[in-house]
Amino acid sequence: MRAVHLVPAGVVLVALGAIGGVAQLGHPAAAPHPGTPGHVSSPAAIRQVPVTAAARACPPAPGGAAAPVALLAGGAAAGGAGGAGATGKGQVELTALPPAGVPVHAGKGSSPVRAQSPGALSLLTLPTAKATGKQATSQAAQGWSVAGGGAMAQGLEAELTQDSGLASVRCAEPGSDLWFVGPGQQNGGSQVQVDLMNVDSTAASVDVSVINDGGQVQAGDDNGITVPPHQTVTESLSSVARGSSVLAIEVHTSIGRVAAAVSAESHGVTGWLPGTAAPSTRLVIPGVPPSGSTAGLFLADPGPSTAKVTVTAITPQGHISPFGSQSVDLPGQSASYVALSPLGGTTAALQISSNVPVAASVVVPGNSGPGVLTAATAPISEQAVVAGNTSGDGMAASVLLSAPGAAALVRLTEIAPASRGGASVTASQVVPVKAGRTLAAPVTAPKGARHGSPFALVITPLHGSGPLYAARVETQGRSSVVSIIPAASALTTISLPPVRDSYDAISPYPSSP
């Protein structure tokens, strides 16, 4: 039986008048198509409009040190829409998000940093902040808001880097439901913390939920965390990491939104957990490189039912099943670690299929610390950007491109500061990715680049390509993996859906087809 919904008559009359008036103003001569409740625009009415505002947040650098950031914005040189339709060239402004409850010195460390060169790689150093009062001897671990406006909002990508310009972690988009899966203490995550950054002008209320090997756990007072406007809150999760091999972390807001970053420290070395796609029955994890050590798969089942997970590796030779016909069974509200030794050290993306939604990531052991992680992503829409890449002096960069379904044709564009003058130099190549295969394509700084300078990489699936997943992998020597950045879409345009005249906005019942 459908419940009866009562709506005050006065509210209905006011709403009808308002909607009717607006409809008449917007379409004075419009009339519904015969036989339909309202005229619906054709698919051709969908419009592509340029992105004119974009927001990211960079986490505090480990130890509260100065934060090197690599940034690329502006669609023209980034292989996007060339800034068409945007007003002026715009700018990107990076503003400090000081730690909540810790007074900081209002000096250089709190001054905005700006980038104003569309399509050029910007290498910025975000200054440290000094605490005042009783904590005056300590550095303040502050995040940074990254706000792009005008043409500089298009294709915006920013990453926290090492001193060399090599990206360590993406500066994430703010959201209301964010997921991370990575190592507990037994796999190198002895000290784990989450940084919550509020780039907006209203406070956010955040719940942090954690699942480890033993099930759902509570880390102190991690429900109803208030993150004040334009500030950073850091919470330790080390207590729930203790004795566990894997952690699954959900950051959920009931009010507002935040950007989040999760780091894990072991023996003085800090690693970052990339954000992973929300739990789903189908996931793709790109960028699993060949490794001298065994890679591992982290899985989490946040629901009440047991997950039966099937793993398929998308390799240069095609699809293989590393565990044969066997599934990985995971009880509800639990997390687990599975060694990927059956992969045999081949380049791959992992396709995860499950009867219930799961979250997942992959760790590749490094020389020290918790290892290097890659995580589930969405397929690239329009283009993706990795801003911080290096080559030379024993370092090599490659992009692992995976096409689980139909084949893809992909343009790779490298952008770097020129060795002379203030301009940029670029290079481009087009590579084919066969259906159901993974391709490792080497990338390097373009000819004429400043010696030792990092370079940006733009990944553009060309028209007619099937779904494409990608990650940039950086190695030192022949096989030591030092950085993986899963590629995320960096849009220059967005689609506006068609508009129709309808009174559904005030109806208490869903509209009938």
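**A network of charged side chains**

Modeller: Arg-56, Glu-157, Arg-170 and Glu-173 are linked in a network of salt bridges (a side-chain nitrogen of Lys or Arg within 4 Å of a carboxyl oxygen of Asp or Glu). Keep in mind that this is a predicted model, where local features need pLDDT of at least 70 and side-chain atom pairs count only at pLDDT 80 or more, while totals for chains, interfaces and linings use all residues. Residues are numbered from 1 along each chain as its sequence is written, and side-chain values use heavy atoms, with hydrogens and water left out.

Arg-170 takes part in two of the contacts I can detail. With Glu-157, its side chain forms a salt bridge at 3.1 Å, N to O. Arg-170 sits in strand β11 (residues 167-170) and Glu-157 in strand β10 (residues 157-161), so this pair ties together parts that are 13 residues apart in sequence. Strands here are DSSP runs (E, at least two residues), numbered from the N terminus. The other contact joins Arg-170 to Glu-173, at 3.2 Å from N to O.

How covered are these residues? Glu-157 is buried, at 1% relative accessible area, and Arg-170 counts as buried too, at 18%. Glu-173, at 30%, is partly exposed. The cut-offs are under 20% for buried, over 50% for exposed and partly exposed in between, with a 1.4 Å probe and protein chains only.

In total, the count comes to 7 salt bridges. Another one is formed by Lys-308 and Asp-329, with 3.6 Å between the closest N and O atoms. Lys-308 belongs to strand β23 (residues 307-315) and Asp-329 to strand β25 (residues 328-330), so the pair ties together parts that are 21 residues apart in sequence. Lys-308 is partly exposed at 46%, and Asp-329 is partly exposed at 45%.

Now to the rings. The structure holds 1 aromatic pair: Phe-298 and Tyr-337 are tilted, with 5.4 Å from centre to centre and 50° between the planes. Rings of Phe, Tyr and Trp (its six-membered ring) pair if their centres lie within 6.5 Å; planes under 30 degrees apart are stacked, over 60 edge-to-face and the rest tilted. The pair links distant parts of the chain, with Phe-298 in strand β22 (residues 296-301) and Tyr-337 in strand β26 (residues 334-339), 39 residues apart. Phe-298 is buried at 0%, whereas Tyr-337 is partly exposed at 29%.

Further along comes strand β34 (residues 455-461), with 7 of its 7 residues buried. Phe-455, Leu-457, Ile-459 and Pro-461 point one way, and Ala-456, Val-458 and Thr-460 the other. Strand β29 (residues 384-389) runs antiparallel to β34 and is joined to it by 4 bridges (two strands pair if DSSP finds at least two bridges between them). Here Val-386 has Leu-457 as its bridge partner. Strand β31 (residues 408-417) also pairs with β34 in the antiparallel sense, over 6 bridges, and Thr-413 stands opposite Val-458.

Finally, 4 strands form an open antiparallel sheet in the order β33-β30-β35-β36. β33 (437-443) and β36 (480-486) are at the edges with a single partner strand each, so one side of each lacks a neighbour in the sheet. β35 (residues 469-476) pairs with β36 over 6 bridges, and Ala-471 stands opposite Pro-486 in β36.
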